[in-house]
Amino acid sequence: MGCIVNLNGAAAASLRLPTPTEGDKKERGFCCFPRRHRRHHQFRPPSAPTATNSRSHSLTVTNEALNVMISGAPASGKGTQCHLIADKYGLVHIAAGDLLRAEIATGSENGKRAKQYMEQGQLVPDEIVVMMVKDRLLKPDSKERGWLLDGYPRSLSQATALKGFGFEPHTFLLLEVSEDVLVERVVGRRLDPVTGKIYHLKYSPPETEEIAARLTQRFDDTEEKVKLRLNTHHQNVESVLALYKDITVKINGNVSKEEVFAQIDSVLTSLVEQRKAASGSVAA
């Protein structure tokens, strides 16, 4: 398994460390975007750490910095929520695709290797990306401020690789949006090729008829292609949730962005308070 990155637009990246088992060898293949969980679940504030998740490596840390993973289907609003979370809580926002582009731009050894694969139209091997993610999570700002891992991991093998390095989240946020809403959001999206601004025919229409006349639609922003992507997302996220089921909080993403963030804010505020209490107990 590897990852594809488009240097000229939004990128997706994933990683997977090979293991010596036959099952893993058979499992190797191409990475995909994660897809939406099919069943809708009501938002529930997190409870105190259970006996299972209290064994997490990260949960033994005595400072209040949070480690958060967030996942959501295309058009689930994940990008907006990541911005709001990082802004309020000061977390280091980490996306594997951004790391790849940065490594390539700086001409690092990993970046040079990745670029060779991409120029040949091949997937970037997981062993290259895993080191980028690992190194970023080990930087002082990530350790001191906490981190927000955006849309990653996308498979059980990737989650297991992170766990092996000692990186585990305090919570795994899953944005859940009904399929009809996701399809409507994606199919209605339009790009202004002049300014690069994204519009939506219903929710954020262009300001003038002149702008409306030049808008374009991405080739894969069709109902048929969206549903295929959502199906793949569902399959992939299910496997990741198997590892993080004890700390997963499902967020109702069908409502406004403000209401979605209010749910997330409640979860993270509760976790911060729990960690402050735990830190105070240890100090005492």
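The accessible surface of the protein is about 14600 Å², computed by the Shrake-Rupley method with a 1.4 Å probe. Carbon and sulfur atoms contribute 53% of that surface. The structure is a predicted model, in which local features need pLDDT of at least 70 and side-chain atom pairs count only at pLDDT 80 or more, while totals for chains, interfaces and linings use all residues. Residues are numbered from 1 along each chain as its sequence is written, and side-chain values use heavy atoms, with hydrogens and water left out.

The protein has 284 residues, and 47% of them are buried (under 20% relative accessible area with a 1.4 Å probe, protein chains only; exposed is over 50%, partly exposed in between). Its secondary structure comprises 11 helices and nine strands. These elements are DSSP runs, numbered from the N terminus: helices are H or I of at least four residues, strands E of at least two. A contact is defined by heavy atoms within 4.5 Å. Among contacts with a separation of 6 or more, 76% link residues 24 or more positions apart.

The average is 79, and 76% of the residues reach at least 70. Helix α1 (residues 22–27) has the lowest mean, 41. Strand β9 (residues 248–252) has the highest, 97. Over residues 4–62, pLDDT stays under 50. The model has 156 contacts beyond four places in sequence for that stretch.

Five strands build an open sheet, ordered β3-β5-β2-β6-β9. Their pairing is parallel, where a pair requires at least two DSSP bridges between the strands. Strands β3 (92–94) and β9 are at the edges, each with a single partner strand, so one side of each lacks a neighbour in the sheet. From one strand to the next, the twist averages 20°. Helix α10 (residues 223–244) packs on the sheet and touches β2 (66–72), β6 and β9. The direction of α10 makes about 155° with that of β6. Such angles run from 0 to 180 degrees between N-to-C directions, with axes fitted to C-alpha atoms, for helices over the stretch in contact.

Strand β6 (residues 171–176) runs parallel to β9 and is joined to it by five bridges. Leu174 has Lys250 of β9 as its bridge partner. Leu175 stands opposite Ile251 in β9.

Terms used
pLDDT is the predictor's confidence in each residue, from 0 to 100.
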